[in-house]
Amino acid sequence: MTAVLTGLDIAHRIEEQSPGAVADAAPEAATIVPARLGDVCRYLRDDPGLRFEFLSSLTAVDRLEYFEVVYHLESLRLNLITVIKVRTFDRDNPVAPSVCAVWPGANLQEREAYDLMGIYFEGHPDLRRIFLWEGFAGHPLRKDFLNLPGARMAGLERFPGEPGGPLEGRG
Amino acid sequence: MDDTGTVIAFWLLAVITVGSALMIVAVRNLIHAVVFMMVSFVGIAGLYLTLSADFVAVTQVLLYVGAISVLMLFAIVLTPGGSRDNAETFLRLPALALTVLLGATLAYVAIDTDWSLADRGGFTDTASAIGDALLGKYVLPFEIASVLLLAAMIGAIVLVRPEASIEEAEE
Amino acid sequence: MTLKSEPFVVNLGPQHPSTHGVFRLRLTLDGERIIDADMVMGYLHRSMEKLAEERTYTQNIPFTDRTDYLAAMTGNLAYVMAVEKLMGIEPPERALWLRTIMSELQRFASHCMAIGIFANDCGAWQTPVMHMFRDREKILDLFEMACGARLTLNYMRIGGVSRDIPPEFIPAARKLMQDLPRRLAEYESLLLDNEIIVARSRGIGVLTPEEAMAYSVSGPLLRASGVAWDIRTADPYAAYDKVDFDIAVGTSGDVYDRFVVRLAEMRQSLRILEQALDMMPSGPIHARLPTATAQPGDAPVAPLALRPPVGEAYARIESPRGELGFYLVSDGGPAPFRFHIRSPSFINLSALKKMTVGVTVADAIVILGSVDIVVGEVDR
Amino acid sequence: MTFLAPWYDLRDLGNAVQALLDRIRDWGAPDWVPYAVSSLIGAVGILLWVVLSVLAFIWIERRVVALMQNRIGPNRVGPAGLLQPVADALKLLLKEPITPRDADRILFWMAPIVIFIPTLVIFAVIPFGGRMVLADLNVGVLFLIAIATINTPAVFLAGWSSNNKYALLGAMRTIAMLISYEVVQVLALLAVVLFAGSMRLGDIVAWQQHYNVWIVFLQPLGILAYIISGAVEINRSPTDISEAESEIVAGYHTEYGGIKFGFFYQAEYMAGFAIAAIITTLYLGGYTAWGLEKWVPGWALFLGKLYAVFFIYIWSRGTLPRLRIDQLMSFAWKFLLPLSLVNVALVGAEVLVWDETGVSANVALPIIGAVNLVFCLVAVVAWARLLGHGAGRQRGRRALLTKEVGVIHFEPAEGASPGPAGIPAAQALRRRSGQA
């Protein structure tokens with residue numbers, strides 16, 4: 001049975017190793033200070049008591065006030081699972097550090113997050129859009145992508161390729 | 001040149017052979033030039049047939065059409081960079097002079113020779129005669145030619161071998 | 001002096017016989033050797049994650065059929081497990097067993113496709129595929145019996161399954177269980193011991209266990225690299241903790257081992273199925289869900305929809321292609337605030353470039369076949 | 001030669017033609033008339049037979065492969081789907097001929113024709129019956145090889161003129177392969193010629209008839225090499241890499257559609273029949289079968305054997321996966337070529353000894369056959385072992401079963417080398433590019 005390291009547990013461990021790296025700790029995840037993410041990830045990967053060598057999932061969430069990048073980590077050797085997060089508050093130009101150097105498997109997932117959520121991963125070797133074409137206006141998974149009925153934030157008036165929309169005729 | 005069939009065949013083949021030979025130098029596209037060369041080779045094979053040299057004719061097709069022109073096609077396609085055109089060259093004038101000279105020599109020889117017709121006899125099996133000649137009377141030149149070809153082959157292999165493996169062999 | 005030919009870019013796909021859909025692989029070749037590989041995807045991108053944010057939790061179940069359309073059952077299962085985790089629902093025992101049976105049947109069917117198509121990529125002209133289809137068809141018949149659909153099943157429900165199996169299901173399944181082991185033995189001898197398949201796949205596309213983990217590769221690829229990791233054993237869900245089965249592990253991490261692991265997994269699936277058919281309890285198939293009430297001021301969307309509490313949940317299962325995870329964020333509304341699919345097909349492709357650079361075009365096709373992608377799941 | 005057989009003696013259709021020609025001569029036509037008429041009859045006859053056989057075999061192949069694949073195969077058009085090939089042919093004829101914009105138009109149109117003609121011409125020298133041969137050249141075997149080589153540039157032209165990368169890749173593969181396997185083919189045929197002492201196909205069949213032995217019994221290795229190189233030449237699995245569907249779509253004819261594709265398709269089948277016909281003539285006694293030809297029409301025997309040989313290719317297509325190009329090439333150069341060379345030397349020695357000692361054929365041929373069979377078996381097995389294809393090593397592995405999670409079981413397979421296996425130069429190249 002997999003042991004779940006809650007956000008509080010993992011925050012405690014990280015704080016022991018590198019004080020000041022944890023920005024916030026909640027039961028579901030520990031939030032890391034973006035500047036310290038690389039060190040923390042390397043520690044989580046290499047520590048013999050953790051060995052989170054497997055980045056299971058990397059995704060981004062638009063929390064309206066800020067963007068959150070969520071990392072689900074698994075340790076296959078020790079059968080552990082944990083979640084860490086990074087927040088970025090700049091809506092126009094969200095930046096998060098890339099973890100490609102730690103887990104090469106993050107490559108495609110960071111490209112996906114960049115494509116759909118518009119988070120710029122600093123240090124990514126090849127950050128291009130992956131599902132949508134280069135030049136697509138906006139990032140569809142953001143809550144402000146379109147002004148739909150019931151939408152939570154103000155966004156684009158029309159779909160990018162529609163008449164009157166940005167990129168008219170290119171969709 | 002006794003019967004009309006052979007005469008017609010000769011002239012037809014001669015026109016094809018010489019015409020496509022001219023086209024080789026006339027066309028701009030190198031691949032087309034090789035194609036014309038193949039046609040020319042086939043024409044020559046036909047000429048051999050009118051001379052009752054069936055073995056030589058078939059060998060002509062086998063070696064020149066099947067092997068040598070394919071080699072040339074390969075060489076053209078595999079050569080990087082260089083333009084694939086039958087481009088103009090500054091050696092045009094010297095080449096012209098040389099051609100005129102060569103043509104004059106050939107014409108002189110053709111006119112000067114006393115073309116006495118040998119007794120043709122019937123259509124004989126030339127294959128075994130050629131075989132006997134090659135492995136009997138002319139065995140030495142035959143073997144020397146084989147050794148020469150072998151040397152050329154080994155030389156080619158040595159030339160295209162990557163340096164790394166040569167260094168390894170030396171080590 | 002070395003012979004160097006001009007690099008030469010070849011697009012494999014999006015329309016190509018062996019890219020398993022509309023996936024595009026842009027290869028830069030030096031002769032037949034690959035010096036660079038670039039993946040281009042998105043031809044089947046339906047923006048499911050965005051669509052799901054506009055629909056209720058229950059309405060989202062059919063989407064999960066359409067990601068990995070060759071393994072709709074496991075897609076359903078992972079999603080409903082995530083919602084259950086979010087809401088704290090415990091499905092009844094019989095539902096858990098039904099989920100186990102359906103997942104294993106689905107795994108068998110999906111591996112049938114994987115192996116058949118892989119042999120096709122090796123150049124066997126349709127024969128293995130057609131033979132594999134024969135078995136898959138029988139399993140699809142069982143699915144049809146259970147839920148009326150064959151491909152997009154929409155069988156799992158939040159808190160259970162959509163309907164109980166009919167009485168003729170168990171005898172039919174048992175009969176199939178008797179046939180399949182013989183077939184499997186036949187496939188093993190025809191395919192695994194086939195000289196040409198061995199020559200084509202052994203030592204190709206090797207991933208060491210460290211590389212496999214670093215590239216987040218999961219499922220048969222990870223196991224073929226020698227990592228004994230199977231979520232069914234590591235973190236048992238449904239009724240997997242009550243059945244006895246083994247993890248099939250390869251030792252050399254090449255294409256051939258992935259193939260071997262898949263065939264061995266099919267055997268283990270049969271083992272699980274036999275036990276499950278024997279041990280299945282009777283009882284309800286659906287848990288009682290908390291009654292939902294409309295909140296004033298909500299958008300007029302399905303007023304009686306489920307409203308999980310604010311929070312987030314990540315549920316993962318071992319799908320035929322690897323770790324299939326659903327990450328759900330709830331803001332207490334009737335629709336998920338964020339719906340993310342950790343799709344194994346997509347993430348397994350991370351290692352594709354690593355595996356294909358340096359081999360020939362023919363090998364690249366075989367390697368792509370061994371990754372066993374479903375483009376619906378790659379692009380979502 | 002006297003031809004006493006009456007025109008209705010259908011054991012040899014040549015009798016009827018001869019009777020017709022005699023009649024024409026009796027009418028006092030000039031010499032070239034019967035000559036032209038006989039050529040015309042032969043050419044039209046061969047063309048008709050080839051086209052009908054191809055149509056029939058498209059249906060047979062599809063049905064047979066369907067049987068192997070648990071399917072029914074074509075069954076809608078006409079009784080039992082028999083008219084399916086006709087429908088397909090009509091469809092191909094009626095399709096719009098599309099030429100890619102950047103294709104080399106002339107060569108693009110020429111290639112299907114250039115491929116089609118040589119494969120048809122091959123049948124001119126094949127003896128379908130005692131006197132059923134259009135042109136029994138005295139360099140027949142050489143002619144077969146020479147005509148077959150014209151295929152190579154034609155395939156290249158098709159691939160190059162399409163201006164398509166798959167087509168070019170396919171063309172390059174085809175050429176590399178054809179050149180390699182032609183050598184093997186020539187050596188295999190050479191051994192047959194050494195036995196028969198003639199390159200005339202009629203003589204070779206007559207030799208087999210005279211000694212009452214099919215050369216296949218004297219040349220097991222030869223027929224093996226020839227069947228394999230024949231498969232390469234006609235792009236049948238496991239050697240169909242030049243049009244490997246799963247890799248390069250359709251190889252050199254990717255861009256061809258409509259009747260131009262039809263030409264390729266037809267030419268491919270015809271080449272298949274040609275290979276089968278050559279095997280039948282040279283190895284399987286042609287139109288003879290140990291005296292059976294007195295009772296059964298020789299051409300029927302010939303066609304029966306031809307179709308049986310062609311069936312091998314259908315069978316392999318339904319069952320075998322495809323090899324990689326470097327594996328095929330190294331198979332040709334490292335395996336078939338040395339063995340064929342040794343085989344030729346062995347046959348030469350045998351024939352020489354037989355000639356010198358003057359032993360009667362009844363004694364000599366069984367001995368030669370036995371020696372060659374033993375040589376074939378020993379050489380194939382021993383050479384394969386020497387190249388590292390031992391019986392045990394290639395046996396498939398099975399998965400390891402475990403219950404412990406998170407344990408790593410990894411041992412790299414021995415001799416694992418991605419890419420072109422076992423070619424030192426290629427390995428060195430890889431290493432170099434790895435350093436760069």
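Buried means under 20% relative accessible area, exposed means over 50%, and partly exposed lies in between, all with a 1.4 Å probe and protein chains only. This is a predicted model, in which local features need pLDDT of at least 70 and side-chain atom pairs count only at pLDDT 80 or more, while totals for chains, interfaces and linings use all residues. Residues are numbered from 1 along each chain as its sequence is written, chains are lettered from A and ligands numbered from 1 in the order in which they are written, and side-chain values use heavy atoms, with hydrogens and water left out.

**View 1. A salt bridge in chain A joins A:Arg51 and A:Glu53.** A salt bridge is counted where a side-chain nitrogen of Lys or Arg lies within 4 Å of a carboxyl oxygen of Asp or Glu, and for this pair the N to O distance is 3.8 Å. A:Glu53 is buried because its relative accessible area is 12%, whereas A:Arg51, at 29%, counts as partly exposed. Over all chains, the structure holds 49 salt bridges.

**View 2. Salt bridges in chain C include the pair C:Glu104 and C:Arg232.** The side chains of C:Glu104 and C:Arg232 meet at 3.2 Å, N to O. C:Glu104 belongs to helix 4 (residues 93-121) and C:Arg232 to helix 10 (residues 231-234) of chain C, so the pair ties together parts that are 128 residues apart in sequence; helices (H or I, at least four residues) and strands (E, at least two) are DSSP runs, numbered from the N terminus.

**View 3. C:Arg267 forms a salt bridge with C:Glu188.** The closest N and O atoms of this pair are 3.3 Å apart, and the pair links distant parts of the chain, with C:Arg267 in helix 11 and C:Glu188 in helix 6 (residues 169-192) of chain C, 79 residues apart. C:Glu188 is buried, with a relative accessible area of 11%, while C:Arg267, at 32%, is partly exposed.

**View 4. The largest nonpolar core holds 180 residues.** Such a core is a set of buried Ala, Val, Leu, Ile, Met, Phe, Trp, Tyr and Cys residues joined through side-chain atoms within 4.5 Å. A:Tyr71, C:Tyr155 and C:Leu349 touch the most other members, and the largest share, 13 residues, comes from helix 11 (residues 255-279) of chain C. Apart from its neighbours within four places in sequence, C:Tyr155 is in contact (heavy atoms within 4.5 Å) with residues including C:Met73, C:Leu98, C:Met102 and C:Ile165. A second, separate core of 130 residues includes D:Val50, D:Val54, D:Leu142 and D:Trp354.

**View 5. An open sheet of three strands in chain C has the order 7-8-9, with antiparallel pairing.** Two strands pair if DSSP finds at least two bridges between them, and here strand 7 (311-319) and strand 9 (338-342) are the edge strands, each pairing on one side only. Nine bridges join strand 7 to strand 8 (residues 322-330) of chain C, where C:Gly311 stands opposite C:Ser330. Helix 3 (residues 72-87) of chain C lies across strand 7, strand 8 and strand 9, running at about 150° to strand 7; axes are lines fitted to C-alpha atoms, for helices over the stretch in contact, and angles run from 0 to 180 degrees between N-to-C directions.
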